Structures are given as C-alpha cells and as structure tokens.
Amino acid sequence: MTKLKLTEINGDKKCRVIAFEGGSNMKTKLENLGIRLGNEITIVNNSFMGGPITVLCGSTKVAIGRKMAERILVEVVK
Amino acid sequence: MKKILLLGNPNVGKSVVFSKLTGTSVVSSNYAGTTVEFTKGHMRLQDEIVEIIDVPGTYTLQPTNKAEEVAVEMLDEGDLIINVVDSTNLERNLNLTLQLLEKKIPMIISLNFWDETEHKGIKIDIEKLQKYFKVPVIPTSATKGIGLKDIINKFDYDEVVEHNYGDNETRWAEIGRIINDVQKINYKEHSFSDLMEDLTLKPITGVPIALIVLFISFIIIRFVGEGFIGYIAEPFFEVIYRPIIAQLSNILGGGGFIHNLIVGELINGTIDFEQSFGLLTTGIYIPLAAVLPYIISFYFVLGLLEDIGYLPRISVLVDNIMHKVGLHGFSIIPLILAFGCNVPAALAIRNLDSKREKFIASTLMATTIPCMSQMAMVIGLLGSFGGKYLLYLFAVLVVLWIFIGTLMNKLVPGFSTDLLLELPNFRLPSFTTVLKKLWMRILGFLKEALPMVLLGVFIINIFYTLGIFEVLTKATGPVLKNIFGVPEAAIEALIMGFLRKDLAMGVLLPLGLTAKQMLTMSILLVIYFPCIATFVILLRELGPKDMFKSTVIMLTSTVVVGGYINFSFAVDGFDLIRLVPVVLLFILIQLIPKNKKEDLAKN
C-alpha cells in the first residue's frame, strides 16, 4: 500500500490513517474527533478549489484545513 | 446547595438538557468567568434547590484550549456529574467519559439523541454499558423531553466508582473493546438530510446556498423588525404611552431642568419620542421601540441557523478567504455573532487558538462590524434616504475589512492555526428551545441596553445644561468639519457612542444631516471605537498593550475612511475615478512582505 497525503486523494474514497506528521497538539486534537492511527475515514469533500477537506469518521463529519490535511498520511482502503 | 455539572463533548445537547431541567420558572444567568462563559441555573427538587451548571463542551480533560481548561477547573466544584453523550457518536464521546470516570465524582451518563440512533442503524446495549462503567446509563432525547425524568430521579445518586484506564493508548484500546461489545451499526442509505449536508459543503453548490440563506435572513430580519416597529411598538408609544407622558409634561410645567430631564424638550410644542431626549421619552423609546424589534428578529434568525447546524458550514466555505487575513474559517462564527452584539462575540473569540488570531479577529470585529443595536437605528435614519445608502455602508465596511485584515496578516507576528471543526448533522430546531434562547437574549439586551441608554440621556442633559457640549464642539468641531465634512455638533454622537451606538445614532437625528453626512457618521460610529461594554471585555481579553495597538488601527481607519468618503462621495454615490487610490493602496498592501516572525505550522 502506498502512503498518500490526505490532500492527494480524489473522490469519495475510504482510507486508513497511517501517520501524522505534526506535533502532539495536532495529534490530540485529531484524536479527540475520532481521527486516530488505524481508523478508517471516508472523504466527503475534497474540492479542486482548495479549502478544507471534509471527512466522515464513524458518523461524525470533520472539516480539516488544507495545511493540516497535508500532514495526515493515509492509505486507500477502497 | 448541591451542584450538578453537565459535562460532555461540544454539541451533544447539553444546553438543551440544561434548559429543560432548569425549566421555565427559572432565571438562568450568564456568568463571565475569567476565561470562558458557563451558565448556571437552579431547579427545585421537592424541598431542595439544586444548582445545575452547563459547562462548556470539551473533548478531553487534557485541555487543548482555554475553554477546555475552564471545563476541567469546574470539575472540583461538582457533587454530581451528568455526562451527556452523543449516542450517534459513542466511540468518540467515550474518550471523555472514561477520563471523567477516573475522577471519583458520582456520575450518571445520559445517552442523548437516542431517538436518532434507530434511523441511523445504530444499536447500543445499555445493560452492557452499565456493567462496564458501574454507573447509571440513561437514554435521553432532550429536545423531545424523553428520559429527563429518569435523570432527575437519579439526582441523589452518590456512589463513587474506581476506574483506571491508563494512558491515552490503553484508554483508546479499552474504548475499542467496549464499542465492539456494546454497539452494532448497520449503515443505512443516504437520506435527504445527508444530501443537503453535502451540498452545503461543496463550494459549487455551497456558495450559492450560503448566499440564498444570507439573503433570506436579511429579508426576514428586515421584515419582522419593521413589522414589530410598525404594528406594535409605534402604536403602543403613540396611542397608549403618549397621553400618559403628555399628562406628566403638564404636571411638570412644560419646561425647566427637571421637565427636560424626565420628559425632554418639547419639539414644536409636543413630545417627540426621537428628539426630545428625556429619560422617559427618548431614553425608553430608543431601546424599546427602535432597537428591540430588530434585536428580536435578528436573534430569532440567528437562533434558527445555530440550531439547524448551519453556521459551521459557512466556516468551511469561507476558510480560504479567512486565511488571507490570518484567520481560519471558524473565526467567521464570532464575526457573525458580532452583528447581534459585539460583547458575546468578543467572548466567543476566546475559542480561537493563538494570540495572533485573537488580536486580528478582535480588531476586525471592533472596527468593521456594526451591532444590531446600531444597525436598527442606521436602517431607520440612513435608510430613510434610500436603500442604496445602506449598501454603500456595507461596501465601505467590507473594503475596510479586507484592507486592515490583509495588513494585520502581513504585520502581526505570531502563528495562525488551521481549521479543524466537527460539522454537526442538520437537525430540525425545537421551537421551544429557539424561543427560550431568544428570550434569554432579549433579557440580556434589556439588562445591558436600558440602563446604558438612560445613563446616556442623563449625561446628555447634564452636558447641555452645563454647556460642556459647547466647549467640546468648539474644540473639536473644526476637525470634524474639515476632515469629515459633518456639522461640528456631531461630536456629541461620537461621545455618546462610547456608551451606546444606538443612542449615538439618535443624537444625530436633530442635526438635520444630509445623506452624505449621515452615511459618514454612520460609518464612523462603527469604526472609531467600540462601545464601553465591548471595550471592557476586549481590554481584558487582549491586555492593555494589544488593546492600544488595536485602538491605533481603529483611529487611523476612522481618519482615513471618514476623510476618503468626504473626498470621494459625490451627491448620491461614489465618484468612480476617485476609487483609483483605493485600488492602488490595495496593490501596495499586497507588496508588503510578510512578518518574518510568523511560523504558521505550529499546530
């Protein structure tokens, strides 16, 4: 499986979180919203116009700013 | 008195539980704590009165921001915790639950939004959950009032359980085990609500939807506000109130200091509620008849948008734009709140992460966002010259917003964070909750506005009698006249604006301003300085040094914008050629290099 930045995924794909390239504060904030290593997230909206990426995690939708999303590494599950 | 804490993640319905528990006969008050607001209320339980505290939402007891820090500090005060949990998001919510269970405080768990689990295909085994935690677990649907009785029945619960879930990793592992055992999910097909949620997020459909929502909001606010004034407020003042005051005026002899203080000066032999400036005429008329109707209509619409869950979607849509001024999408929410009143907005700015963001957001708000109290008067006074003047007012404020926002983004040192925001599901707002929130905001307005306007009217009368305004007019008048092209007496409005902007607008009425002068003064009153109530909070939030910098920006903006309007506004519109300097200035600002001290990626 290839590691990709969350921003590099196009379309409504399901991904597994495999790494955070950020500080512990960013990790804690993401974990609080259910985005943890090993968890599956589905991309709801990744606009070609830039702006935040929206993912579905469990039944929660979370908007992630682009710079932060670039530091979330995932692999595509399906 | 027994203290009960409502604790839970943000947006799990704590405040609905709170307002249902504390009931209609209860006055809830807002307390300005040192860092964030929480709400206290009381409820009678047989012979005992218990205090219920609605603690700000938090995801964890390891706080990542100020609001969460306060939630953690509040823990020591509680005799009983009601942990409100979103049962459609059990896994994520349990992170806080497990941390709370370690605190050795009696606790009950409310599985809220229970009614929504079924159509989402979620099944939770409550019995098993209770066995894991050894505390009462109660399914609730607070908006429908379901399960609240069961919670009240447990108010005397006082057993303390011992739990230790270890560090973050082991806690999450434990949560995973529990979830696997107690919860089963059969994902269902996309519903209409899901479709709408997606459409409001994607820029291509989301932006038009946002514009339509904004447009409809404006129409409703205007329509309802006007309606209240025309059909209720004015008839009341003219038909019922006028004879009483006329009688009083006679008794007081129709003139003299006491008469003018209480009833005000007679205009052409009769009482003019807008121009007499007595405590019982203008002092009552401005807050109750001119402003309150718009406060009601604004907060009604805002309450609906808040409860539907629409505001966070605007955050996503404007994220790109907000980055241009050094903020991210979330900060649009305090700025929207500011259109109601700058005071709660200044408090909401606390939720922003960095000092730099707080400074930029506070300054943008205080300088460019008119509160509804002022806007109600602006609509009445400036709007009487024609609707286009209201558009000019907003156009000038938008341009100023972009200018000082971009400038601050370039020059203010520090770091900005990135958007990370949970998007709530759309929910049909509960009518009673919306009305209740509206009622609390109306009470808040009356408590804030009435005394201030009355104080202002009192001061105006004293200043007139002592001739203070004359001295001030002589001293500052030439500046106003030469730079801004407004009458010298307009200084009275600027002075009253420190107290209340609506009153300040009221002071302008007797001056007989032209459309251009009214436009200039309306804009200057937005920009030059916040009202005292906002100032006090900003000073506390920003500290004296940053407040001083912020003030410099406001005053500079005042001179530049006021002077520019005077220079470039022809009889009934802006001179196109004289817009050139604005464009040039904008290009110049773009060329300014960014402050080196900034490190954006400090998340």
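Analyst: B:Asn11 has 17 other C-beta atoms within 10 Å and is partly exposed. This is a predicted model.

User: Why is B:Asn11 called partly exposed?

Analyst: Buried needs 20 or more other C-beta atoms within 10 Å, and exposed needs 12 or fewer. B:Asn11 has 17, so it is partly exposed. B:Asn11 sits in the loop between β1 and α1 (14-22) of chain B.

User: What is the phi of B:Asn11?

Analyst: Phi is positive, about 60°, although B:Asn11 is not a glycine. Most residues other than glycine have a negative phi.

User: Where is B:Phe113, and what is its phi?

Analyst: B:Phe113 lies in the loop between β6 (107-112) and α4 (114-119) of chain B. Its phi is near 60°, again a positive value in a residue other than glycine.

User: Does B:Phe113 count as buried or exposed, and how do you know?

Analyst: B:Phe113 has 23 C-beta neighbours inside 10 Å. The cut-off for buried is 20 or more, so B:Phe113 counts as buried.

User: Which residues of helix α2 (residues 66-74) of chain B are buried?

Analyst: B:Ala67, B:Glu68, B:Val70 and B:Ala71.

User: What puts them on the same side of α2(B)?

Analyst: Their arc around the axis is only 155°, which puts them on the same side of α2(B). What covers the buried residues of α2(B) includes β1 (3-8) of chain B.

User: Which residues make the contact between α17(B) and α22(B)?

Analyst: α17(B) brings B:Tyr389, B:Tyr392, B:Leu393, B:Val396 and B:Leu397. α22(B) brings B:Ala515, B:Leu519, B:Ser522, B:Ile523 and B:Val526. By class, 9 are nonpolar, 1 is polar and none is charged.

User: How many residues of chain A are in contact with chain B?

Analyst: 28 residues of chain A, in contact with 28 of chain B. On chain A, α1 (24-32), β3 (40-46), β5 (60-64) and α2 (66-69) each supply at least two residues of the side that touches chain B. That side of chain A divides into 9 nonpolar, 15 polar and 4 charged residues.

How values were computed
Residues numbered from 1 in each chain as written. Chains lettered and ligands numbered in written order. Predicted model: local features only at pLDDT ≥ 70, side-chain atom pairs only at ≥ 80, totals over all residues. Helix = DSSP H or I, 4+ residues; strand = E, 2+ residues; numbered from the N terminus. Arc of directions from axis to C-beta. Contact = placed C-beta atoms within 7 Å. Nonpolar A, V, L, I, M, F, W, Y, C, P; charged D, E, K, R; others polar.
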